[in-house]
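Hi,

Here is the structure I said I would pass on.

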Amino acid sequence: MARHRAHTRIGTARQMEILLTVYEERSISAAARSLHLTQPSVSMQLAKLADAVGLPLYYAMGKQLRFTEAGLALVESAREILKCYEYLDLKLASLRGVEAGTLQLAVVTTAKYFIPHLIGDYYEKHANLDIRFKVGNRQQIIDRTERDEDDFYVFSHPPENPDLELVEFLPNRLLAIAPANHPLADQKNIPLTEFARSPFLRREEGSGTRHAIERFLAREKATLNVRMTIESNEAIKHAVMSGLGVSILSEHTLSFGGSAGLAVLDVQRLPIITHWYLARRKSRPLSPAAQGFLEYARNLGNLPLDPDFPKA
């Protein structure tokens, strides 16, 4: 008869959750707020965990927490343990066949303008769902895919990852814009070299829009006259309206986010044509809610754009 070797259990699932939240927040107080616990409760649970491990897990350096080698090893294991619980919950939901629970989406910044319209339509038919919606730049959403934090991710330029299933569901044109009173606003067939001489406002490193523009420029062997880097589509639009320069933004940013005071320029080789993709980890179990949303995305047609906005 096989005999099982006894092991001392290190910590509880709740302590692992607390540890992981403190690591991600880098603060006891912020973790306590996120978990709806008191600071003494968080500190006490981490002290118990450290006693079980027999090593310190972190230390304070100024106002920041630094994790020890033992703490980092435990954080890595905590992610795996909590992911097992999450996968079990998804599998049980699938067995129960109940389309309820939580649907988690993380989207790149530009997609925040139209994804709420999709969620709204889907939610009307599935009102029992708790839909959670995260927004970040392309690199931040890539990081979330690597940590397997959500059911779905929306990219215009998804990362190369064999574990990602991609569903192309919406076109995404990147348009050249300028202030409505710009000298190029009334011209037709503007050479790309002439547009490139205008002061250009670009998105930050890690942005999907910037990634697409840089790939386009490399193909065209062109260089822009970059005046400023701005970490927001809205801020870029207002900077363009104010006459600080020209830019290239997604038509969805313009259609759903407002376009007063802007003109789309008729520039040769533009617009840049990309597509939106719904991505999911193939290894992640599909809950009934996630399966329903995946089928919904596969059947999507083009979203109607603002008919009053001028097209290139």
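This is a predicted model: local features need pLDDT of at least 70, side-chain atom pairs count only at pLDDT 80 or more; totals for chains, interfaces and linings use all residues.

Residues are numbered from 1 along each chain as its sequence is written, and side-chain values use heavy atoms, with hydrogens and water left out.

The protein chain has eleven helices and eleven strands (DSSP runs numbered from the N terminus: H or I of at least four residues for helices, E of at least two for strands). Take the contacts (heavy atoms within 4.5 Å) between residues at least 6 apart in sequence: 77% of them join residues at least 24 apart. The chain exposes about 16,700 Å², with carbon and sulfur atoms supplying 50% of that (Shrake-Rupley method, 1.4 Å probe; for residues, only the protein chains shown count as cover).

Now the charged pairs. The structure holds 15 salt bridges (a side-chain nitrogen of Lys or Arg within 4 Å of a carboxyl oxygen of Asp or Glu). One of them pairs Arg-284 with Asp-151, closest N and O atoms 3.1 Å apart. That pair links distant parts of the chain, 133 residues apart: Arg-284 is in the loop between strand S11 (272–281) and helix H11 (288–298), and Asp-151 is in the loop between helix H6 (138–147) and strand S5 (152–155). Arg-284 counts as buried because its relative accessibility is 3%, and Asp-151 is buried too, at 4%.

Salt bridges that share partners also join Arg-144, Arg-147, Glu-149 and Asp-150 into one network. Arg-144 is buried at 15% relative accessibility, whereas Arg-147, at 33%, is partly exposed.

Last, a helix pair. The axes of H1 (residues 13–25) and H2 (residues 28–35) come within 8 Å and cross at roughly 125 degrees (lines fitted to C-alpha atoms over the stretch in contact, angles running from 0 to 180 degrees between N-to-C directions). Where do they touch? Among the residues meeting there are Ile-18 and Val-22 in H1, and Ala-31 and Leu-35 in H2.

Cheers

Technical notes
Buried means under 20% relative accessible area, exposed over 50%, partly exposed in between (1.4 Å probe, protein chains only).
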